[in-house]
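Dear colleague,

Please open it first, and then read the notes below it.

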Amino acid sequence: MNFEQFKQEVIDYSKEIGIDKIGFTSAGLFEELKQRLITQQQLGYQSGFEESDIEKRVTPVKLLPKASSIISIALAYPSKLKDAPKSTKEDRRGIFCRASWGEDYHTVLRDRLTKLENFLKQRIPDIQTKSMVDTGELSDRAVAERAGIGWSGKNCSIITPEFGSYVYLGEMITNFPFPPDQPMEDQCGSCRKCLDVCPTGALVQPGQLDSSKCIAFLTQTKGFLADEYRTKIGNRIYGCDTCQTVCPVNKGKDFHFHPEMEPDPEIAKPKLKPLLNISNREFKEKYGHISGSWRGKKPLQRNAILALAHFKDKTAVDDLIQLVHQDPRPVIRGTAAWALGKIGVTSVEAELLEAYEKEKDEQVKEEIQKGLELLHNNLT
Ligand code: B12
Ligand code: SF4
Ligand code: SF4
């Protein structure tokens, strides 16, 4: 078999099934990544969402014993909301990051990888493959970088010249020796916009992220959000796009190739107040299909409360009082109490004092106290 010719057939087929960019690399060890992962672990910069076994992450033969090459795929996603609903004084809205618009990208990319696997198996019946998207062991970015999909930007993203960084990544390890592509030159140059704009200083230096400070990470945590970040998350309900929206390469990049990825504006930019009391069933029906729902509704509700505090939305006061008194989840009760203080309507003082008397959870009590202090600070 002519390897180059077969590779070209695979490339041609990938276009037919809606893969926007494809690249090939060897299944050799990811030497540089290994050092990087060890450093990140030692510094406490990892998020905890990634595979913890570093050897597995950098050694494709541990995942597919006869691994010879890796096919990297990228699918471009939309960056602009058509007919974006306006956030009004009566109905403030939050925002989901672009990677959570439309149908969960894991489903979309797995569909493309399954189609590609079927194609390969038709041509080479005993070919071995192992595909993954996001939740697999490999670093999707390190694979994409080595396969020439894009360069590794100072904001950590893989940036393609064609689609910018608004691409999802996935890959397939195979035992077929596809000839490798060449990595791309770094094109960030002297630009530092992403580093300068990051609201929390999470990009500690070019290409190095302290996850514990990154808003994308913080919006996905389930506990109380540390005080220092409460005013920084703004109206973000899930994820953060700031270091990408500012990137000059992304300017004007907005691709609508995949109907599944079309966002429903009412979900991508939802009204905040209805999120506070949404039932489990309603949540599943409305948000269950998006990637941003994977941690359940609690973190999103906590973020919605913080977003209402960010807007100082007085129309949310009644709902927040109800949460402080009635919600069974300490994180929600406490965050709501803090938000009431931040919004600063003096009449809530009595409600907060009453809640304090009833409250059994020490952390929530602390939050109510913070709320009361904020109220007093607002008065003086
Ligand atoms: C854990 C994780 C997170 C964590 C940590 C992110 C991070 N920067 O490490 C959190 C929750 C914060 C996060 C946030 C986001 N994520 Co995320 N995340 C992952 C996950 C599961 C693992 C990433 C990982 O292992 N990071 C560890 C670092 C050390 O390695 P790496 O970034 O993978 O690899 C690079 C570095 O190692 C670097 N490197 C290696 N050696 C050296 C040496 C030097 C000197 C330097 C400078 C760099 C360097 O080169 C590699 C290639 O770029 C991947 C999926 C996967 N399985 O890979 C998705 C993934 C990286 N996430 C993705 C996305 C879309 C996001 C968000 C944009 C979502 C959002 N809008 O909120 C943000 C972006 C935040 C940011 N600035 O990075 C996409 C990225 C697509 C792209 N075009 O790059 C991925 C690939 C998911 C996917 N399959 O599409 N994510
Ligand atoms: S995603 Fe947001 S918080 Fe995280 S590095 Fe980028 S700008 Fe900073
Ligand atoms: S903003 Fe500038 S430095 Fe950051 S990733 Fe984009 S081009 Fe690179």
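The notes below cover the ligand and then a pair of helices.

This is a predicted model, in which local features need pLDDT of at least 70 and side-chain atom pairs count only at pLDDT 80 or more, while totals for chains, interfaces and linings use all residues. Residues are numbered from 1 along each chain as its sequence is written, chains are lettered from A and ligands numbered from 1 in the order in which they are written, and side-chain values use heavy atoms, with hydrogens and water left out.

Around ligand 1 there are 41 residues (each with a heavy atom within 4 Å of it), and by class they are 19 nonpolar, 13 polar and 9 charged (Asp, Glu, Lys and Arg count as charged, Ala, Val, Leu, Ile, Met, Phe, Trp, Tyr, Cys and Pro as nonpolar, and the others, Gly among them, as polar). Domain 1 (3-80 + 101-174) and domain 2 (193-251 + 260-379) both give residues to this shell, so ligand 1 lies between them; the domain bounds come from an automatic or database domain assignment.

A nitrogen atom of ligand 1 is 2.7 Å from a polar backbone atom of Asp 134, and a polar side-chain atom of Asp 140 lies 2.8 Å from a nitrogen atom of the ligand.

Finally, the axes of helix 16 (residues 349-358) and helix 17 (residues 362-379) come within 10 Å and cross at roughly 160°, and the two helices are therefore roughly antiparallel (angles over 145 degrees count as such).

Best wishes

Methods
A polar contact is a pair of N or O atoms within 3.5 Å; within protein, one must be able to donate a hydrogen and the other to accept it, and residues adjacent in sequence count only if both atoms are side-chain atoms. Axes are lines fitted to C-alpha atoms, for helices over the stretch in contact, and angles run from 0 to 180 degrees between N-to-C directions. Helices (H or I, at least four residues) and strands (E, at least two) are DSSP runs, numbered from the N terminus. Angles under 35 degrees count as roughly parallel, over 145 as roughly antiparallel, 65 to 115 as roughly perpendicular and the rest as oblique.
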